[in-house]
Amino acid sequence: MTATIHIIGAGLAGLSAALRLSARGKHVVVHEATAFAGGRCRSYHDASLGMTIDNGNHLLLSGNHAALHYLRDIGAADRLIGPAAAEFPFVDLESRQRWTLRFNDGRLPWWIFASGRRVPETRIFDYAALARLLWPPAGKTVGEVISCRGALYARLVEPLLLAALNIDPPQGSAKLASAVIRETLAAGGRACRPLIAREGLSATLIEPALGALAQRGATVRLEHQLRAIRFGGKRIDALDFGGETIALAEEDAVVLAVPPYAAASLVRGLDVPNEFRAIVNAHFKVAPPAGTPPILGVINGTVEWIFAFPGRLSVTISAGDRLLGTPREELARTIWAEVASVTALPAELPTGLPPWQIVRERRATFAATPAQDLKRPGAETAWRNLILAGDWTNTGLPATIEGAIRSGNRAAELIAGR
Ligand SMILES: Cc1cc2nc3c(=O)[nH]c(=O)nc-3n(C[C@H](O)[C@H](O)[C@H](O)COP(=O)(O)OP(=O)(O)OC[C@H]3O[C@@H](n4cnc5c(N)ncnc54)[C@H](O)[C@@H]3O)c2cc1C
């Protein structure tokens with residue numbers, strides 16, 4: 001009888017494992033608790049805006065090779081858009097200064113030597129500090145390895161690490177920061193081109209994956225939540241979905257690709273990251289004025305990044321826990337005032353604010369501290385037919401699309417290699 005690989009969770013980790021395994025001819029069934037695939041990376045129809053938006057703006061970089069491979073595999077690589085070169089326009093809300101960081105393509109960072117391409121008010125010597133983050137001592141925070149002050153920190157290191165680690169950078173793991181810098185800045189501009197799913201996350205990363213899975217004969221069961229696992233000595237014996245129990249045959253295997261808190265409730269004794277950071281997104285239904293860049297970095301504001309989509313301006317605020325208690329209307333007003341001031345839109349439209357939505361994902365990612373990073377388990381477990389996947393497993397990267405996809409690929413390799 002053909003072995004079945006059960007994949008629990010249809011986020012990017014679960015989908016990437018399912019894609020790899022079904023491409024090798026394995027019989028795959030994906031079980032997802034909710035009514036939709038995509039997990040923390042998905043689109044939904046927002047009634048108050050009357051449009052489909054993403055649960056959060058997601059940025060990929062051209063050096064995210066596993067994510068780009070995933071997109072090619074599902075035939076959706078052309079749905080990511082971005083500039084031809086690694087360019088990041090910024091505005092400082094305090095000084096009103098504007099500049100564009102322009103990384104050169106190769107690994108040798110000559111952009112640092114060109115005053116028109118590097119961060120304004122920085123000197124070449126300042127960049128040597130970044131080298132310290134490339135090989136940090138174990139267990140240290142970013143704040144213990146580099147000085148978190150000055151123009152280079154405020155205008156490059158902080159925006160980059162805050163977005164990639166989703167934590168106030170001084171508290172962040174220097175090891176994870178190092179991985180980000182090695183795969184982006186240190187790899188040259190070719191790895192730093194910003195890429196956005198302009199038609200939405202689901203249309204780009206999720207729906208084409210479901211199409212590819214269907215073509216490869218995989219089954220996706222939505223609203224099918226795993227309630228418990230029956231453990232044997234060295235293997236797991238059955239999956240309990242409430243009304244239905246699936247017994248596992250000798251060659252069957254399970255990839256558990258659920259968030260860490262769900263994994264800990266299903267697997268006894270599993271130590272997982274248990275602190276999280278929020279991400280706040282604000283969406284305004286308004287046509288971006290001509291010339292608004294697709295992504296704009298904002299310094300010295302509540303807003304951190306502004307994304308321009310057709311008919312909509314969207315804002316991302318990472319490590320946004322301090323904003324979880326702010327009333328929604330107040331937050332929308334604060335954010336809109338900043339957006340209006342940098343895009344030259346009126347602070348008050350005749351109708352007040354444009355139609356808006358605030359989405360606060362409380363547990364957007366695990367807290368990327370050294371202590372939480374140590375709690376990340378590897379893919380293999382004490383049970384030989386149970387493999388873990390997810391952005392919170394020990395990928396060596398912070399919780400990102402790239403990390404989630406690499407974890408799914410790794411789970412698939414472990415199963416296929418048996
Ligand atoms: C607002 C926001 C902005 C972000 N921005 C970026 C960005 O700019 N760039 C970037 O690279 N990353 C970003 N991320 C992170 C990225 O979205 C995640 O790293 C990635 O989506 C995680 O995928 P995953 O498969 O590991 O987990 P998840 O997406 O959490 O998937 C887990 C799935 O398991 C399901 N599940 C849970 N319990 C069960 C059960 N018992 N049975 C069956 N199914 C179950 C869940 O419903 C879910 O679908 C952002 C995240 C958020 C929230």
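**Bridges, rings and buried spots**

Trainee: Where does E413 fall: buried, partly exposed or exposed?
Mentor: The cut-offs go like this: buried is under 20% relative accessible area, exposed is over 50%, and partly exposed is in between (1.4 Å probe, protein chains only). E413 has a relative accessible area of 42%, so E413 is partly exposed.

Trainee: Before we go on, which atoms do the side-chain values use?
Mentor: This is a predicted model, where local features need pLDDT of at least 70, side-chain atom pairs count only at pLDDT 80 or more, and totals for chains, interfaces and linings use all residues. Residues are numbered from 1 along each chain as its sequence is written, hydrogens and water are left out, and side-chain values use heavy atoms.

Trainee: Back to E413, then. Which side chain meets E413 in a salt bridge, and how many residues apart are the two?
Mentor: A salt bridge needs a side-chain nitrogen of Lys or Arg within 4 Å of a carboxyl oxygen of Asp or Glu. The partner is R20, at 3.8 Å from N to O.

Trainee: Which residue forms a salt bridge with E380?
Mentor: The closest N and O atoms of that pair are 3.4 Å apart. E380 is in the loop between α10 and β20, while the partner is in the segment after α11. That partner counts as exposed at 52% relative accessibility, and the residue is R418.

Trainee: On to the rings. Why is the pair of F307 and F309 stacked?
Mentor: Rings of Phe, Tyr and Trp (its six-membered ring) pair if their centres lie within 6.5 Å; planes under 30 degrees apart count as stacked, over 60 as edge-to-face and the rest as tilted. A search of the whole structure gives 9 aromatic pairs. For F307 and F309 the centres are 6.3 Å apart, and the pair is stacked because the planes are at 5 degrees.

Trainee: Which charged residue sits over the ring of Y261?
Mentor: To count, NZ of Lys or CZ of Arg must be within 6 Å of the ring centre and within 35 degrees of the ring normal. Over W99, that's R155, 4.4 Å from the centre. Over Y261, 3.6 Å from the centre, it's the charged end of R363.

Trainee: How many residues of helix α6 are buried?
Mentor: The helix is mostly covered. Its cover includes α3, α4, α5, β19 and α10, where contact means heavy atoms within 4.5 Å. Among the buried ones are L176, V180 and I181, and the count is 7 of 10.

Trainee: D391 is in a loop, so is D391 buried or exposed?
Mentor: The loop runs between β20 and α11. D391 touches residues including R40, F366 and R376, and its C-alpha atom is 7.2 Å from that of A13, 378 residues apart along the chain. At 8% relative accessibility, D391 counts as buried.

Trainee: What is phi for R96?
Mentor: Most residues other than glycine have a negative phi. R96, found in the loop between β7 and β8, isn't a glycine, yet its phi is positive, at about 65 degrees.

Definitions and conventions. Helices (H or I, at least four residues) and strands (E, at least two) are DSSP runs, numbered from the N terminus. Lists of a residue's contacts leave out its neighbours within four places in sequence.
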